[in-house]
Structures are given as C-alpha cells and as structure tokens.
Amino acid sequence: MPHLSAGPDDVSAILSRLTAARADRDFIAGVELHLPRLHDLFLRLYGDRPDGRERLASVVDLAHRSWDARPAGLKALDRERASAPDWFESERMLGGVCYVDRYAGGLHGIRESIPYFRELGLTYLHLMPLFESPEGNSDGGYAVSSYRRVNPALGTMEELTELAAELRRAGISLVVDFIFNHTSNEHEWAQKAVAGDAGCEDFYLIFPDRALPDAYERTTREIFPDDHPGSFVQLPDGRWIWATFYHFQWDLNYANPAVFEAMAGEMLFLANRGVEILRMDAVAFIWKRLGTACESLPEAHLLLQAFNAVLRMAAPSLLFKSEAIVHPDEVISYISPEECQLSYNPLQMALTWEALATRDGRLLQQALERRHALPDATAWVNYVRSHDDIGWTFADEDAAELGVQGYPHRRFLNDFYVGRVEGSFSRGVPFQENPRTGDARIAGTTASLAGIEAGDAGGEDRVILAHALALSTGGIPLLYLGDEVAQLNDYSYRRNRAEAGDSRWVHRPHRPEQNYADRADATTPAGRVFARLTRLIEVRRSTPELAGNDLIAFDAHVDSVVAFLRPGEAGAAVLVIANVADHAVEIDALTLSGLDPDAVDLIANESVALAGGLTAPAHGVLWLRVGMR
Ligand code: GLC
C-alpha cells in the first residue's frame, strides 16, 4: 500500500468509491467539504506511516456507516443547528454539571431531576464520567474501561440514549466527557497490550527499560506526584508504560493512526447516542515528542482538527469543548470552529478567586481586557469551580506588569485558600502539594472557599459575586449543581480508601438534600444563595446584551472593582461592576460621564442615577443597563 499522496488523488479515490457505492447525497456533500482538510491533516500526522492511506480510507468508511446509522431525530438536530450556528451563544444558555451517582443515584435519578433542571433554566447538562471503569479508585471515572458500556451502577447505554432524547425534548443538551488521552488499565486494548498482542501494544507507549522514560522525563512535568513520580509506571513484566495521570490511566499512542481510527469510532458511537457536546479531556497531553514538555504540541491541535473533520461528516451538530487547564496562551490555541468550539475559561475562574483573596480586581480586569476575545462561532464556558482543583494558571508576564510575581503569589493564594493565612475566610484543602517544586493546587466547594463554611460575613456575597461574573462575561455559564444551594465541603472522603488520596473529593459531595430542602427558606444560607442566584439567572435570560462574547473593559479607577460593558443594540449596554473589597467603594461621576445619567439596575429592577457617581457595595455586584454616549 503506497503512502498518502500530497496531491488530490487520495481524496478523489475515496469520493469515487463513495459515489459508486451510492452513498447518501448529504453524506457525500459533507465528505466533499471536509475530506480535503482531513486528508491534509492525515498527511501531516501520518504522512510517513505506511498505513496512513489505508487508515484514512477506513476512517471515512467508519464515518459513512455512522452517518447511515444516525437516528433521524439527530439528523434533524444537525439541520436545526446548521440553520442557527450561534445557538450556544444565547443569553438563555446555562450549563449544569454533576456526578450521576452522587447527585441522583443513577441515570434514572437524573431523568427524575429534569423538572428541577428546567426550573433552574439549564440548557446544557454535563454528566461526569459514566462509563465502565475500574472498581475503587478510577479517578472519578476518568479511567475508562469501555466507551460503549455505561458503568452498571449508574445504568445502561440504552438508558443514556433515552435520557439524551428526553433532555433534548426539554431543551437541554447532553454533554459527556471524551476521555481520549488515556484508557484505564482494564480496557480491552490495555489488557491485550499487557498480554503481548502486537497490535494493541502499539496503542500505548511501552518501553523495555528506563532509557527513553528517563529521557522524556527530563522535560515533562509531574501531574499527579502523590500517585507516582514522573510520567511512567512499571508493568509487572518490568517494562515501563506512559501514565501522565494515575498509574492506572495509560496514555494512548496517537502516533499510531490505528488509535485515531479506533477513537474516532468511539466518538461517533457516542454522537449517535444523542450526546451533543463532547468535553475533550486533557487535550494538552495527547501528543508526545522527546525533548519537549509533551504538552500542547502542534500535533495535538492537528489531531483535534482531524477528529473535528470526521464529526463534520458524520455528526455535524456535535461540538467539542476543550479542557486545557494550562497557560492562557495555550488555552486559547485550542479554540476555533475547526478545533474546539467551546472551552473552559480557567483563567477567569482562577482570577475570580485571586481577586476575592487579594481584594484587588486588577489581574482579572487585565485578563478581561486582553484575554477574553475569541474567534467568531466559539464560546467560553465560564465557571466558578469544577470537579477539579483550582490551579493558578495566570500568565506570569501579565502579573509582572502589575508588579505581582507569579511564584510567591501562587504560594500566597494556595496558603490563603487552605486557611494558612491569618484572617483567611476560606476552608479549602491542598491538592497535589509537591514539596520538591513548591507547586500545589487547592480544592473546596464554592461556599467553603468563599467563606460560608467559616461563617465569614461576606461568604454569601462572594458566592453570588463569583457566579455573577460567570453569568455576565459571555459564553455559557456553568453551575456545579449543589453550589446554587451553597453546599459545603464534604470531608468524608478521608475515611474512604479509594478517595482518601485525592482531596478533590472534598468538593464532590453527594446531593446536599438538606440544602435543597432549605432552598425556599430565606433564614438559611441555602435559601438566600438560591434566591439571589436564581434571580441572576432570570435576569441573564432576559438580557440580550449578555449573549455572545463582546466585552469592553471599563476602568472604574478603583483597584477592587472589576468592571466591563456588554454592548447591545443601539448604544445600549450592560455595565457590570463587581467590587471584591470588604467595604463599599465609590466610583466617581467623572468616570461614569461617558454614560447616560439614567441607568437601570437590572438585578434590583430599579432606576439609578449616575450623575453623582455610584456606590459599589462590599463584595457586591451591579448589572446596570446604561446608554453609551
Ligand atoms: C481531566 C479531568 C480530571 C482528571 C484528568 C485525567 O483533567 O478533569 O478530573 O483527573 O483529566 O483524566
């Protein structure tokens, strides 16, 4: 079999074959549009592989079979999305994320929660990993043993398919993880690799001795040092296998096009079950090259683009959301219509917490000013916290401009959030503290990090402020379900063998029943937070200026104030003001003189006069509809 050719021959050969086989016209149209790009990407990724050409042809066959099997309801969705490609930028979008077992006991429980999700206004539901995975520690399901079987403790694939359809009818898009950097060591491919199956051995990165692992580790960073040092673990037969995360999560070898094909098959399988968005897990790690950090290499982008091209042919409405918790320059590099249309916004998340700790909004303000813009047809997913730890992924060079030194500042933030700083309001827990590098991250629920657990007077306000930012900067705001009723840390993980070594479990509590029971009771934190947060959600839903991603930073001339305009039609805009200080501050009349003097406070639903300046309350937020002069 000859190698892939640089000219149009491979593409024409595949297209003629599809025409001869009388493939569906819509499918052929998609292939005509996207195959040249896929071919080009294959050439760059696999041009030197003797099986590159054969693999490209079989990937297209796979897409063809998948398209033919795609249910009519999903093809209708494909058409609907094609006619409104900016659907996910609407002010009505609201995401929720939860663990199926912890939040609802199983897929049936998620189904029963749909009325509540609708009440809350969710249009996007991310169910944490729900596939078959090892007993005991499975990194919360991020070690996948089969992409086609649901963890039997949660339900079945049929139930998941039905749930997806039911969510769709309720206007909620189902989001699941595509954990494609690694499989669990119990995956069939992994087991075969260990048993010496030559095809499967090449699915992973296995080395006979320490020579290459040592060479790679000279430039890679340790991700889970509590679990094992470096990036490799030893197999029982003495060989070494690449494991970036836990020792039971084995990295796939994407330099082998058979891995690409196999994973494209798993992706299309999920697409046809009704999943609308795939959260592309750990995107930065998928390609390795000796002498580099093995993170965010150019080929990682090419791979994502190639997966994307396959989808455009066979499941065109499906979107990718990138999970890259790395330097902000790298985060943005994954976001484009051809790669990941959506991305977590870890910078805004981390800097919101940074501002709350320092009572200084300038780093966040600077990030909104220079790192918020996105390509058209893409969006941020803005969140206050996730199931993961919080890492301080701001750019040192940005901080330096404000006179802040990255390393000591991160240390301060870690100490502050785990309560080691005098006067801290936070009850966080350290995660992966690495004494050798001084690196650490923090864990904790929103309410516990913000001060509610410690009984700090500003705790509830901070929870609201953080969410108000996520709800107003644009894109898709994402709630960690349970945080809307101020759930606190759950320390029971320390008594559980499978969880004790991973402090992220502190912020993954079971559904906080009591808090939900209290949600209408304004004498409880749960009731107050719920009322204020649902008010914000309601306002956002009826405020078109909050759609999309346009944002103009507004200099309030007060260090503790983060402020920006979200422009709307005909000179109207929403001015967002968030004051992270523990006292009220004044924004003077001159600063506001570019705006019409009559504004409307959207949250309180009352008019405000700006002519004499404005008071921003202690850890308070204002959403003002203003006229720009
Ligand atoms: C992602 C997940 C995290 C997991 C890791 C390895 O970062 O969010 O929870 O530990 O990938 O799969």
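Mentor: Start with helix H4, where the exposed residues Ala72, Arg79 and Ser83 sit on the face turned away from the buried side. Exposed means over 50% relative accessible area, buried under 20%, and partly exposed in between (1.4 Å probe, protein chains only). The model is predicted, so local features need pLDDT of at least 70 and side-chain atom pairs pLDDT 80 or more, while totals for chains, interfaces and linings use all residues. Residues are numbered from 1 along each chain as its sequence is written, and side-chain values use heavy atoms, with hydrogens and water left out.

Trainee: Which residues of H4 are buried?

Mentor: Helices (H or I, at least four residues) and strands (E, at least two) are DSSP runs numbered from the N terminus. In H4, Leu74, Lys75, Leu77, Asp78 and Arg81 are buried. Viewed down the helix axis, these residues fall within an arc of 155°, so they line one face of H4; the arc is taken from the directions between the axis and the C-beta atoms.

Trainee: What do the buried residues of H4 pack against?

Mentor: Contact means heavy atoms within 4.5 Å. The partners of the buried H4 residues are helix H3 (52-69), helix H8 (157-169), strand S5 (173-178) and helix H12 (257-271).

Trainee: How many salt bridges does a search of the whole structure find?

Mentor: Side chains of opposite charge can pair when their charged atoms come close. The cut-off is a side-chain nitrogen of Lys or Arg within 4 Å of a carboxyl oxygen of Asp or Glu. By that rule the whole structure has 48 salt bridges. One of them joins Arg504 to Asp139 at 2.8 Å, N to O. That pair links distant parts of the chain, 365 residues apart: Arg504 is in the loop between strand S17 (476-480) and helix H21 (513-517), and Asp139 is in the loop between strand S3 (131-132) and strand S4 (146-150). Arg504 and Asp139 are both buried.

Trainee: Which residues have the most contacts inside the largest nonpolar core?

Mentor: A nonpolar core is a set of buried Ala, Val, Leu, Ile, Met, Phe, Trp, Tyr and Cys residues joined through side-chain atoms within 4.5 Å. The largest one here has 196 residues, and Tyr254 and Trp623 have the most contacts inside it. Apart from that core lies another, of 20 residues, including Val561, Val585, Leu610 and Leu622. Leaving out residues up to four places away in sequence, Tyr254 touches residues including Tyr46, Phe180, Trp287 and Phe307.

Trainee: Where does UniProt place the feature "domain: Glycosyl hydrolase family 13 catalytic"?

Mentor: The unreviewed UniProt entry puts it at residues 99-524; UniProt positions follow the numbering used here, feature names are shortened, and annotations may be inferred rather than shown by experiment. In this model, residues 99-524 are 35% helix and 15% strand, with their end C-alpha atoms 25 Å apart.
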